[in-house]
Amino acid sequence: MVGVAMFTVFWIHRTLNRRQWMTLLAVCLAVAFIVGRMPIPEERIHLLEYAGLGYLIVCALQTRLQNILLYNRGLGLVFLIGIGDELIQGILPSRIFDFRDIFFNAIGGIMGTIIGANTISKSD
């Protein structure tokens with residue numbers, strides 16, 4: 001799964017420098033390590049979903065925002081979406097609100113934001 005993620009990012013952004021590749025590799029390995037230690041499959045999926053969401057939000061916001069504001073707004077948006085997701089689950093009778101899920105959503109969002117921050121270029 002990590003290999004597929006790296007290939008996808010490579011295909012989208014073919015001109016990564018050495019530092020960007022090393023950061024991407026470190027984040028992908030961290031994701032693989034965390035996902036491998038999660039006992040509940042749904043939590044694994046949430047981490048990966050929110051990593052993808054963080055990446056997509058940073059890529060979408062890059063045309064309007066610059067530098068640290070881009071990443072702060074991107075992370076804030078991912079956190080709000082994760083909290084909203086859990087609040088909706090809390091009011092559904094067949095679902096459960098869990099602070100742990102908010103934490104995993106945030107970790108996934110941070111990882112996706114880091115990947116996005118290191119793969120988008122100023123010229124895109």
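Visitor: Which residues is T113 in contact with, leaving aside its neighbours within four places in sequence?

Guide: In this predicted model, T113 is in contact with G54, Y55, V58, Y71 and L75 once neighbours within four places in sequence are left aside. T113 itself lies in helix α5.

Visitor: Why is T113 called buried?

Guide: The relative accessibility of T113 is 4%. Buried means under 20% relative accessible area, so T113 counts as buried.

Visitor: What makes G74 a buried residue?

Guide: G74, which is found in helix α4, has a relative accessible area of 0%. The cut-off for buried is under 20%, and G74 is therefore classed as buried. Beyond its neighbours within four places in sequence, G74 is in contact with I57 and L61.

Visitor: How do you know whether E86 is buried or exposed?

Guide: E86 has a relative accessible area of 0%. Since buried means under 20% and exposed means over 50%, E86 is buried. This residue lies in helix α4. Leaving aside neighbours within four places in sequence, the contacts of E86 are H46, I96, F97, D98, D101, I102 and N105. For one of these, F97, the C-alpha atom is separated by 5.5 Å from that of E86, at 11 residues along the chain.

Visitor: Why is the pairing of D98 and R100 called a salt bridge?

Guide: The side chains of D98 and R100 meet at 3.5 Å, N to O. A salt bridge requires a side-chain nitrogen of Lys or Arg within 4 Å of a carboxyl oxygen of Asp or Glu, so the pair D98 and R100 qualifies as a salt bridge. By this rule the count comes to one salt bridge. In general, side chains of opposite charge can pair when their charged atoms come close.

Visitor: What makes D98 a cap of α5?

Guide: A side-chain oxygen of D98 lies 3.1 Å from the backbone nitrogen of R100.

Visitor: How do you know that the reach of helix α5 is close to the expected one?

Guide: Helix α5 (residues 99-119) has 21 residues and reaches 30 Å from its first C-alpha to its last. The expected span is 1.5 Å times one less than the number of residues, which is 30 Å for α5, so the two values are close.

Visitor: Which elements make up the chain as a whole?

Guide: The elements run α-α-α-α-α from the N terminus on, with five helices and zero strands. Of the 124 residues of the chain, 37% count as buried.

Methods: Residues numbered from 1 in each chain as written. Predicted model: local features only at pLDDT ≥ 70, side-chain atom pairs only at ≥ 80, totals over all residues. Heavy atoms only, no water. Helix = DSSP H or I, 4+ residues; strand = E, 2+ residues; numbered from the N terminus. Buried < 20%, exposed > 50% of the residue type's maximum accessible area, 1.4 Å probe, protein only. Polar contact = N/O pair within 3.5 Å; in protein donor to acceptor, adjacent residues only side chain to side chain. Contact = heavy atoms within 4.5 Å.
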